[in-house]
Amino acid sequence: MHAGATGPRPAGATVRPVPGPSPAVPRPPTALGTASIVVACVWTALVAVSFVSSFSAAAALGAALDEMAATGGGGMLEVTTHDRVARWLLGAQVVAFVVTCLWLHQSRRLAVTLSPLVPQARGPVWVWLGWVVPVVSLWFPYQVVRDVRSATAGSVRRGGLGLWWGCWLGSAWLMNQATFATMGYGPRDPALLPGIEGLSLLVMVVALVLWVRLVREITADQRTRTASARS
């Protein structure tokens with residue numbers, strides 16, 4: 001008999017399988033969730049600054065267009081505060097995209113670990129590409145957030161997601177209309193700029209409030225579920 005070998009098992013003895021290691025539960029991406037809220041607030045604050053500066057920008061652009069029409073020639077348009085804020089908005093948009101997608105990516109991974117039987121309509125790559133690929137960007141990000149929340153919340157059902165996504169799409173559409181009113185992609189009418197940006201800001205504030213609530217709900221569910229899974 002080899003050293004360390006055990007003798008014959010008694011008749012009727014029960015063989016108990018050795019439990020394997022449980023799958024590791026990722027930590028909740030709490031810091032990234034907080035960062036996504038912060039960058040969303042910064043983005044909305046810049047939209048507010050853009051709205052305030054749109055009045056002087058509309059007046060300056062209107063005067064420049066009148067002068068160009070009177071002289072029959074072109075000319076350089078003055079760079080306004082509104083133009084500078086637009087550059088800041090672009091930078092804030094890039095930061096918000098990266099931070100939010102990082103949070104969603106880690107939140108999706110945690111959701112799949114906690115609720116592997118809850119289906120995810122889109123694969124991990126669409127956490128990133130869903131926001132930028134034309135046409136599908138109208139609903140893929142919504143599906144990603146919806147499925148992450150459903151898998152994280154478990155049996156809890158909450159509303160408000162459709163309103164958040166509708167406000168986000170509405171604000172993005174209005175911001176495009178503001179660009180069309182000033183950049184010459186269609187008939188220029190600078191006088192419309194403050195009204196369009198004011199409405200865009202209003203819709204964006206509603207989207208921000210819903211986003212903050214959404215992130216906080218998911219974060220709270222993540223903490224509760226991971227604590228239960230590790231206990």
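How many helices and how many strands make up the secondary structure of the protein? The secondary structure comes to 6 helices and 0 strands, where helices (H or I, at least four residues) and strands (E, at least two) are DSSP runs numbered from the N terminus. The model is predicted, so that local features need pLDDT of at least 70 and side-chain atom pairs count only at pLDDT 80 or more, while totals for chains, interfaces and linings use all residues. Residues are numbered from 1 along each chain as its sequence is written, and side-chain values use heavy atoms, with hydrogens and water left out.

**View 1. The protein as a whole.** Read along the sequence, the protein follows the pattern α-α-α-α-α-α. Of its 231 residues, 36% count as buried, where buried means under 20% relative accessible area, exposed means over 50%, and partly exposed lies in between (1.4 Å probe, protein chains only). Among contacts between residues at least 6 apart in sequence, 75% join residues at least 24 apart, a contact being heavy atoms within 4.5 Å.

**View 2. Helix H1 against helix H6.** The axes of helix H1 (residues 30-71) and H6 come within 9 Å and cross at roughly 175°; axes are lines fitted to C-alpha atoms, for helices over the stretch in contact, and angles run from 0 to 180 degrees between N-to-C directions. That angle makes H1 roughly antiparallel to H6, given that angles under 35 degrees count as roughly parallel, over 145 as roughly antiparallel, 65 to 115 as roughly perpendicular and the rest as oblique. By class, the contact of H1 with H6 has 19 nonpolar, 8 polar and 3 charged residues, with Ala, Val, Leu, Ile, Met, Phe, Trp, Tyr, Cys and Pro counted as nonpolar, Asp, Glu, Lys and Arg as charged, and the others, Gly among them, as polar.

**View 3. Helix H2 against helix H6.** The axes of H2 and helix H6 (residues 193-230) come within 12 Å and cross at roughly 25°, and the two helices are therefore roughly parallel to each other. H2 passes H6 in a left-handed crossing, a term used if the near helix is turned anticlockwise from the far one by less than a right angle, with right-handed used if clockwise. On the H2 side the contact involves His82, Thr100, Trp103, Ser107, Leu110 and Leu114, which meet Leu193, Glu197, Trp211, Val215, Ile218, Gln222, Arg225, Thr226 and Ala229 in H6. These residues divide into 8 nonpolar, 5 polar and 2 charged.

**View 4. His82 and its surroundings.** His82 has its place in helix H2 and is buried, with a relative accessible area of 11%. Its side chain makes a polar contact with the side chain of Glu197 at 2.7 Å; a polar contact is a pair of N or O atoms within 3.5 Å, of which, within protein, one must be able to donate a hydrogen and the other to accept it, and residues adjacent in sequence count only if both atoms are side-chain atoms. Leaving aside residues up to four places away in sequence, His82 touches Ser50, Ser53, Ser54, Ala57, Leu193 and Glu197.

**View 5. Helix H2 against helix H4.** Helix H2 (residues 81-114) and helix H4 (residues 140-153) pack with their axes 9 Å apart and at an angle of about 40°, and they are therefore oblique to each other. Their crossing is left-handed. H2 contributes Leu104, Ser107, Arg108 and Ala111 to the contact, and H4 contributes Val145, Val148, Ala151 and Thr152. By class, the residues of this contact divide into 5 nonpolar, 2 polar and 1 charged.

**View 6. Arg149 and Gly159.** The side chain of Arg149 reaches the backbone oxygen of Gly159 at 3.4 Å. Not counting residues up to four places away in sequence, Arg149 touches Arg158, Gly159, Leu161, Leu214, Glu217 and Ile218, while Gly159 touches Arg149 and Arg213. The C-alpha atoms of Gly159 and Leu214 are separated by 9.7 Å, although these residues lie 55 residues apart along the chain.

**View 7. Loop residues on either side of H4.** Val135, in the loop between helix H3 (126-129) and H4, has a phi near 70°, a positive value in a residue other than glycine, and counts as exposed at 56% relative accessibility. Gly154, in the loop between H4 and helix H5 (161-183), is partly exposed, with a relative accessible area of 24%. Gly154 and Val118 are 8.8 Å apart in space, C-alpha to C-alpha, and 36 residues apart in sequence.
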